[in-house]
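Hi,

Here is the structure I promised to pass on.

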Amino acid sequence: MLFNRARIASRSLFGSLRHQLVARRDFTIAIDGPAASGKSSTARAVAQELGLGYIDSGSIYRCATLLALRNNIDINESAGDLAALINKAKVDIRVRPSTSRPAPNLGRLAVPEVQVLLDNEDVSKEIRAPEVNQLVAKVASDRSIREAVLHIQRQLAESAESISTNALSKNAEGVPGGVVMDGRDIGTTIFPNAELKIYLDASAMARAIRRWDEMNNQMKEANALQAAKGSSDSDSAPAAYPSVEKIARELEARDYADINREHSPLRIAKDAVVIDNTNLTFEQQVYTITDLARERMGLAPKHGDL
Ligand SMILES: Nc1ncnc2c1ncn2[C@@H]1O[C@H](COP(=O)(O)OP(=O)(O)O)[C@@H](O)[C@H]1O
Ligand SMILES: Nc1ccn([C@@H]2O[C@H](COP(=O)(O)OP(=O)(O)O)[C@@H](O)[C@H]2O)c(=O)n1
């Protein structure tokens, strides 16, 4: 059985500080890529298939952004104040097997649900709000904030529990422990020695349509809930659906900022496997990655030709 040490390293970012974090992990999968390319849903499904832990690093940057908004911190003026707040904050990412039917675009795979807690408050929905989407790339471009987030990533990586389901007994047999983490700099900066690095991509249009679909479904659910309550309060008027064009512009602006920032920009790690999923089904991309991982673990593939 492979037993490797994956380094959680920050060499390029904090090299001068010799700030290198080392965590013992049997098998680490890093999944990077642009916004809405399917990283988080794929990472969760892969973690579930293999019985590994899961960490959504983007949600930590989103929590940092929520802290900035709630405390009226101007990121251009006072990034250090925000970094200090993040250092004091407690972020928890809880993952549990899905309780609802799989979304139609995800085929038969039920994607585990993630709950994000900021200082014990469930902020899972709030961190996906439009105001957070607009500010998060700016927040993530600051070096002191990235350093504060790195501490949280390290803590979470050390304590990540595997996602367990009944399916695991048959699918995860022989699989070592480990973690799947998704984000922008996981394969390049955070886990440069990850056993498997994936760069997940899809066309800008496919990504915008998928995010639009996702947001519309969520809004429909929220509006239906409100209608069922029979609320006539003007504050709780049904939320307007954003246009695909608006979402495409937001994704493009965020990708541009993530690719062009100075610290830990979004890059394809030189040893990453690039998967463009524009024309792949969700199952195809998940099974391709789990079979690649199994191969590197010295195990037989489960899914063969897809
Ligand atoms: N191959 C695919 N085909 C269709 N929809 C997909 C596929 N992969 C992911 N999705 C959907 O795309 C949306 C964005 O995926 P998500 O995992 O949130 O991306 P990211 O974490 O990269 O932002 C989700 O609604 C997800 O279910
Ligand atoms: N490892 C990471 C993860 C996210 N981020 C930042 O956090 C933002 C939100 O990440 P996310 O993964 O939640 O975004 P989506 O792709 O899900 O929309 C990104 O646009 C980046 O600016 C980062 O800089 N580094």
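**The parallel sheet**

Five strands make an open sheet with parallel pairing, in the order β4-β8-β3-β9-β10. At its edges are β4 and β10 (273-276), each of which pairs on one side only. From one strand to the next the twist averages 20°, where axes are lines fitted to C-alpha atoms, for helices over the stretch in contact, and angles run from 0 to 180 degrees between N-to-C directions.

Before I go on, the housekeeping. This is a predicted model, where local features need pLDDT of at least 70, side-chain atom pairs count only at pLDDT 80 or more, and totals for chains, interfaces and linings use all residues. Residues are numbered from 1 along each chain as its sequence is written, while chains are lettered from A and ligands numbered from 1 in the order in which they are written. Helices (H or I, at least four residues) and strands (E, at least two) are DSSP runs, numbered from the N terminus, and two strands pair if DSSP finds at least two bridges between them.

Back to the sheet. Strand β3 (residues 27-32) and strand β9 (residues 196-201) run parallel and are joined by four bridges, with Asp32 opposite Tyr199 in β9. Helix α2 packs on this sheet, touching β3, β4, β8 and β9, and its direction makes about 175° with that of β8. Contact here means that the C-beta atoms of two residues, placed from the backbone, lie within 7 Å.

On the β4 side, four bridges join β4 to strand β8 (residues 178-183), again running parallel, and Ile55 stands opposite Met181 in β8. Strand β4 (residues 53-56) is covered on both faces: Gly53 and Ile55 are buried on one side, Tyr54 and Asp56 on the other. My cut-offs are 20 or more other C-beta atoms within 10 Å of a residue's own for buried, 12 or fewer for exposed and anything in between for partly exposed, with C-beta atoms placed from the backbone.

**The antiparallel sheet**

There is also an open sheet of three strands, order β5-β6-β7, with antiparallel pairing. Its edge strands are β5 (91-96) and β7 (121-122), each pairing on one side only. Two bridges hold the antiparallel pairing of strand β6 (residues 113-118) with β7, and Leu117 has Asp122 in β7 as its bridge partner. Helix α3 (residues 57-70) packs on this sheet, where it touches β5 and β6 at about 35° to the direction of β6.

**Helix pairs**

The axes of helix α4 (residues 75-88) and α6 come within 8 Å and cross at roughly 5°. That makes α4 roughly parallel to α6; angles under 35 degrees count as roughly parallel, over 145 as roughly antiparallel, 65 to 115 as roughly perpendicular and the rest as oblique. Ala79, Gly80, Leu82, Ala83, Ile86 and Asn87 of α4 meet Ser144, Ile145, Glu147, Ala148, Val149 and His151 of α6. By class, the contact of α4 with α6 has seven nonpolar, four polar and one charged residues. Nonpolar covers Ala, Val, Leu, Ile, Met, Phe, Trp, Tyr, Cys and Pro, charged covers Asp, Glu, Lys and Arg, and the others, Gly among them, are polar.

Also in helix α6 (residues 143-159) is Ala157, which is buried, with 22 other C-beta atoms within 10 Å.

Helix α5 (residues 130-140) and helix α10 (residues 244-260) pack at about 10°, axes 9 Å apart, so α5 and α10 are roughly parallel to each other. Asn133, Ala137 and Lys138 in α5 meet Glu250, Arg254, Ala257 and Asp258 in α10. The class count for the contact of α5 with α10 is two nonpolar, one polar and four charged residues.

**The two ligands**

Which residues are closest to ligand 1? Gly38, Lys39, Ser40, Ser41 and Arg210 are, in a shell of 19 residues; a residue belongs if its C-beta atom, placed from the backbone, lies within 6 Å. At least two residues each come from α2 (39-50), α9 (204-229) and α11 (282-296). The shell around ligand 1 divides into six nonpolar, nine polar and four charged residues.

Ligand 2 has 17 residues around it, with Gly58, Tyr61, Ala140, Gly183 and Arg184 nearest. Helices α3, α5 and α10 give two or more residues each, and the largest share, five residues, comes from α3. The shell around ligand 2 splits into seven nonpolar, five polar and five charged residues.

**Overall**

The protein has eleven helices and ten strands, and buried residues make up 41% of its 306 residues.

Cheers
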